[in-house]
Structure formats: structure tokens, C-alpha cells
Amino acid sequence: MTHALIVGAGIAGDTLALCLARDGWQVTVVEIAPALRTGGQTVDLRGDSRQVLVDLGVIDAALERLIPQRGIAWIRADGSRMAAMPVEAFGGQGFISHEELLRADLAALLHDEARAAGVVHRFADTVDALTDTADGVDVRFRSGHYAVFDLVVGADGTHSRTRALRFGPESRYRKPLGLAHAWFTLQEQPGTAGLDGWALSYNEPGRRGVTARPGHDGQQQVGLTFAASTVPRDRDEQLTLLDTVFAGTGWRTAEFLDAARTAPDFALDTYDQVHVPDSWSDGRVVLIGDAAWCASPLSGLGTALGLRGAAELAHALRQHDVQDGASSARVAAAIETFEAAMRPRATAAQKLLPGRVAMVAPKHQWGVRVNALAMRMLQARALLPLVEELAGSRGHEPALPVHVPVPADVARQPAPDGR
Ligand SMILES: Cc1cc2nc3c(=O)[nH]c(=O)nc-3n(C[C@H](O)[C@H](O)[C@H](O)COP(=O)(O)OP(=O)(O)OC[C@H]3O[C@@H](n4cnc5c(N)ncnc54)[C@H](O)[C@@H]3O)c2cc1C
């Protein structure tokens with residue numbers, strides 16, 4: 001059996017693992033965290049995301065986990081609304097869709113499917129050395145374990161270790177966008193202000209943004225966005241930094257800063273893009289997902305690209321029959337096919353709309369007001385065609401099928417457009 005190692009049990013990693021296992025590969029996934037990582041906000045099921053989940057035969061399971069949402073509202077410090085965009089805006093193509101689920105739920109769904117297909121996961125471990133041999137890659141794990149693989153896939157996110165080992169330091173590829181973002185789950189207590197299905201967004205001058213979005217069963221997904229190009233790795237230092245940056249910020253910010261201290265899924269990172277020019281592969285080592293092309297959460301397309309990229313790589317490996325014999329020539333041909341399909345999509349997604357950073361976290365109070373005004377005007381009937389054009393060009397279309405094999409016992413659901 002051909003044996004693949006996938007580094008990172010995230011969206012891209014477990015999707016690829018599932019596809020390869022169904023194609024007859026032996027698949028090992030190594031994940032640095034001690035268990036599957038939870039946390040993160042919602043991901044929507046439009047375009048590529050929906051199509052790949054349909055092709056995988058897991059769309060029904062994903063739809064069962066939808067978060068009931070009514071829309072997004074931009075609010076003042078007292079919670080009153082300056083502007084709102086319901087999920088129905090632009091025929092369902094607005095900022096918030098009625099088909100969204102938590103990233104953690106999607107990751108868990110893909111992970112369970114991958115395990116059921118026979119994928120082996122090694123948690124709390126990572127790769128320490130990747131050495132080419134005559135017919136494979138000799139991998140030394142941090143745990144001291146060694147094994148040889150036909151293919152090694154770096155799906156280990158923006159700060160990819162696989163990329164650092166084979167392509168060079170992160171500084172060569174990381175393009176910080178000048179913002180950082182903390183996120184965590186807040187458990188509603190008696191007296192917590194409910195969201196009633198609305199994602200709420202509050203901004204203060206000085207590039208400080210505070211959001212709360214509905215989660216499951218009395219949970220709220222909180223986000224704190226601010227200006228920074230680097231952040232500390234130590235959790236205590238991160239919390240101190242947030243306290244300093246958000247000191248005196250209005251609305252529910254003080255409550256959120258308190259909750260961050262005890263949230264089990266608290267995380268803080270910069271908003272970055274990853275640009276790896278020329279090639280995402282080096283011999284039998286290839287990058288996918290954020291490790292290869294992170295477009296940043298500001299693109300709204302990270303999950304769609306992760307899913308799509310995994311499905312495209314599996315498709316290319318299948319087209320070149322790599323599962324039946326992983327010669328260097330076949331692997332190289334498959335990776336070339338994969339790059340040709342994915343690079344234009346990734347490059348397009350990395351082109352953020354002008355002013356996107358300022359929109360998420362305005363510098364001045366007038367910027368906060370202009371944002372709210374723009375959100376109201378965008379929904380004016382006369383501007384709808386322009387907005388729909390912009391939304392369409394942002395990568396939600398076209399969603400092409402990638403023909404992932406679905407086991408016979410999994411019902412195949414048609415895409416909304418009938419493909
Ligand atoms: C916990 C979490 C929450 C997120 N929340 C959001 C969000 O709210 N909004 C948004 O737009 N995007 C979010 N993202 C990013 C989003 O998941 C990706 O942009 C997108 O889904 C592409 O997925 P990926 O598989 O390439 O990367 P990811 O989903 O980030 O997965 C990468 C995986 O690799 C693991 N990993 C990292 N380093 C190593 C290593 N050295 N060895 C082994 N494994 C390693 C990570 O622990 C993670 O499980 C989040 C990612 C994570 C991990």
C-alpha cells in the first residue's frame with residue numbers, strides 16, 4: 001500500500017486523509033495538539049465548501065450542525081444598532097449566510113469520517129526531519145519514532161513546520177496584514193446578554209474590534225481584533241496584551257476580557273497571508289491549505305480553499321494512479337496537476353477587497369460611522385447588482401465538482417444548482 005503522512009489534523013489535513021483512505025492509501029496524520037483542536041468561529045457552506053462536502057457525502061451531517069443565525073449588526077457602545085444585514089440580504093450572499101456551522105464542528109465531522117475510513121492519527125507529535133530516500137521520505141518524529149512515506153503533505157496551517165523544514169523560514173512566506181485576532185467560546189451565565197441569533201460587531205477608534213456570534217446551546221463565539229503584526233506565544237503575555245490594548249473599550253469588552261482568562265479554547269494569532277511562489281512542492285513533500293496559500297480570515301475563504309485544495313490533490317493523485325505505485329514521476333505529475341488547478345483559485349482569494357483591513361478595524365471614529373453607513377447603503381436596491389457582482393467575484397463561484405469517491409452506504413446529495 002502507498003503510505004501518506006499528513007502533518008496537521010485541521011480542515012485540509014483530515015479532508016485529504018479521508019479522500020486518500022477511501023482511495024486505498026494507508027494514511028497517518030500527525031497533529032501537534034494533544035487532541036483535535038476545537039474553537040474558531042463559523043464557516044459558511046457556500047461555493048467550494050458546500051460542493052466538496054457534497055462530493056464527500058457528508059453534506060447532510062454538516063447541515064445537521066448549522067448554527068441558527070439571523071444576521072450581523074454593527075452596534076454602538078450601548079448595544080443599539082447602527083446598521084444590520086440579515087442572512088437574507090443579497091439572496092443569501094451577504095456577510096452571514098443561513099448555512100453556517102462552527103469550524104470546530106466541521107473539523108470534528110471530517111475527523112470522525114477520516115477515522116472511520118481507517119486513518120491513523122498521532123496526537124501530541126510532529127515532524128522533526130524530512131529526508132529524501134531513493135523511493136520515499138524518511139520522517140523523524142519529535143517523539144523519536146521513524147517511518148518512510150511515499151508522500152508527505154504539510155497541512156499544518158499558517159505557521160507550518162513542514163514548510164519551515166523543506167522550504168525555509170516563515171519570514172520568507174508570511175505577509176502580515178497588520179491585525180491580530182483573539183477568539184474563544186463564552187458560556188452564557190445567568191445575566192449574560194443573549195444574541196438572539198445575531199452576530200454583533202462593535203468598533204472603537206484605534207483599530208479595536210469586538211465581536212460576539214451565536215454558538216450552540218447558550219454559547220457565544222467572541223473575537224477581539226486589534227492592530228499588531230506579531231503577538232507573544234505565551235498565554236499570560238497574550239492576556240496582558242489584550243488587557244492593555246482593550247483597556248477602557250466599551251460595550252461588553254470588560255466581560256469578554258474576563259472570560260478570555262478561563263476559556264479552554266482561547267487563541268490569539270495575527271492575520272497573515274502566506275505566499276509561496278513558484279511551487280508548493282519539493283520532491284515528495286507538498287503543502288496544502290493555510291500552509292501553502294493562507295488568504296487570511298479576512299478573505300472569508302480559508303475553509304473553502306482548505307477543503308477544495310485537499311479534494312484537488314486527492315483528485316490529481318487518483319488521476320495519475322499514484323495509489324497503485326508512487327514512483328517519483330507519478331508523484332511529480334500529480335502535484336503539477338494539483339498546482340495547475342489550485343494556484344489560480346488561491347491567488348484570486350488572496351486579493352482582498354480594497355479597504356478590507358480598515359473595514360474590520362477602523363482607525364478613526366469617522367471610519368466606524370462610514371462603515372455603518374456603507375453597510376446600510378450596500379443594501380439599497382439600486383446598488384444590489386454591483387454588490388452581487390463583487391460577492392460573486394470573491395470566489396464563492398464557480399464551485400466545480402471534484403468527484404471524491406463516496407462509499408456506497410453514504411447517500412449522495414445534489415448541489416443546490418443540481419450538479
Ligand atoms: C483552532 C482553530 C480555529 C480557527 N478559527 C478560525 C476562524 O474563526 N476563522 C477563520 O477564518 N479561520 C479559522 N481558523 C483557520 C481555518 O481553519 C483555516 O484557514 C482553514 O480551514 C484552512 O485549514 P488548514 O487545515 O489549512 O489549517 P488549520 O485548520 O489551521 O489546521 C492546521 C492544523 O495543523 C496543526 N498543526 C500546526 N502546527 C503543527 C505541527 N508542527 N505539527 C503537526 N500539526 C500541526 C494545527 O494544530 C491544526 O490542527 C482556525 C484554525 C484553528 C486550528
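Which residues line the largest cavity?

Author: Quick caveat: this is a predicted model, where local features need pLDDT of at least 70 and side-chain atom pairs count only at pLDDT 80 or more, while totals for chains, interfaces and linings use all residues. Residues are numbered from 1 along each chain as its sequence is written, and side-chain values use heavy atoms, leaving out hydrogens and water.

Now the hole itself. The lining is made up of Trp74, Ile75, Met82, Ser201, Tyr202, Asn203, Val368, Asn371 and Ala372 (a cavity is a set of points on a 1 Å grid over the protein atoms alone where a 1.4 Å probe fits but cannot get out, and lining residues have an atom within 4 Å of a point). The structure has 1 cavity of 30 Å³ or more, and the volume of the largest cavity is about 40 Å³ (the space filled by probe spheres set on the points, which are joined across faces, edges and corners).

Where do those residues come from? β4 (71–75), β13 (198–204) and α13 (365–378) each give at least two residues to the lining (DSSP runs numbered from the N terminus: helices are H or I, at least four residues, and strands are E, at least two). Trp74 and Ile75 fall in the lining, as do Ser201, Tyr202 and Asn203.

Definitions and conventions
1 Å grid on protein atoms, 1.4 Å probe; cavity = no way out; pocket = protein on both sides within 12 Å on 5 of 7 lines; lining within 4 Å.
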